[in-house]
Structure formats: C-alpha cells, structure tokens
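Me: Got a model open here. Can we go through some of its packing?
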Amino acid sequence: MNRGKTKVVAGVLGILLGGLGVHHFYLGSTISGLIAIGVTVITCGIGSLLGLIEGILLLVMSDEDFDKRYNQRAPEGLEFVFMTPK
C-alpha cells in the first residue's frame, strides 16, 4: 500500500500551519490534528511551536523511515511525529 504522501509537503505544512494541525490531517492522524488545534487555542498560539518542531522532525527524518511510517501503513488517529508507532 503506497499512500503517496511526501515528507517535504508534510514538513512544510508542519512548519507553516502546524498550529492548525494541517500536517496531521495530511498524514491521516485526525485526532492529533484536533489536539494540535486545541493546544494552540488554549495557549493563545504558543502551542504552534509544537507544529514547528514536528515539521522540522519530518524534514530530517530519513525517506525510508517516513515511507515506513506514513506511506506503507495508515497512521493511527492519535499519532504524533515524535511518537514511535506501534
């Protein structure tokens, strides 16, 4: 199963729109995206730094690891970039 997601798109979405959880929605982790929105709203925008960090982590992740985590399987609804998948 190849889902066709690219790490550059996911990383840039995380850096630019991470506070809105757009990179999570792009990768298929909808609950994580909703949590990102909630954290950003509750912290008056400071929570968007988490999206920035996750975007950078996505960009420095090896292509093989990215494909294994996001293209060869569908991520769980509650799966953040810094978590190890089950």
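Me: What do the residues lining the largest cavity divide into: nonpolar, polar, charged?
Reply: This is a predicted model. The lining of its largest cavity has four nonpolar residues, six polar and one charged.

Me: Which residues line the largest cavity?
Reply: Gly18, His23, His24, Ala36, Val39, Thr40, Gly47, Leu50, Gly51, Glu54 and Phe80.

Me: Which elements give two or more residues to that lining?
Reply: Helix 2, helix 3 and helix 4 do.

Me: And what volume does the largest cavity have?
Reply: About 40 Å³. The count of cavities of 30 Å³ or more comes to one.

Me: Switching to helix 3. How many residues, and what's its reach?
Reply: Helix 3 runs over residues 30–42, so 13 residues by the DSSP run. From first C-alpha to last, helix 3 reaches 18 Å, close to the 18 Å expected at 1.5 Å a residue.

Me: Which of its residues are buried?
Reply: Ser32, Gly33, Ala36 and Thr40 are the buried residues of helix 3. Down the axis of helix 3 they fall within an arc of 105 degrees, so they line one face.

Me: Why would residues three or four places apart point the same way?
Reply: Because an α-helix has 3.6 residues a turn.

Me: What covers the buried residues of helix 3?
Reply: The cover includes helix 2 (22–27) and helix 4 (48–60).

Me: And which exposed residues are on the face turned away?
Reply: Leu34, Val41 and Ile42 sit there, on the face of helix 3 turned away from its buried side.

Me: Last one. What follows helix 3?
Reply: Cys44 does, with a positive phi near 55 degrees.

How values were computed
Residues numbered from 1 in each chain as written. Predicted model: local features only at pLDDT ≥ 70, side-chain atom pairs only at ≥ 80, totals over all residues. Heavy atoms only, no water. Helix = DSSP H or I, 4+ residues; strand = E, 2+ residues; numbered from the N terminus. Expected span 1.5 Å × (residues − 1). Buried < 20%, exposed > 50% of the residue type's maximum accessible area, 1.4 Å probe, protein only. Arc of directions from axis to C-beta. Contact = heavy atoms within 4.5 Å. 1 Å grid on protein atoms, 1.4 Å probe; cavity = no way out; pocket = protein on both sides within 12 Å on 5 of 7 lines; lining within 4 Å. Points joined across faces, edges and corners; volume = space filled by probe spheres on them. Nonpolar A, V, L, I, M, F, W, Y, C, P; charged D, E, K, R; others polar.
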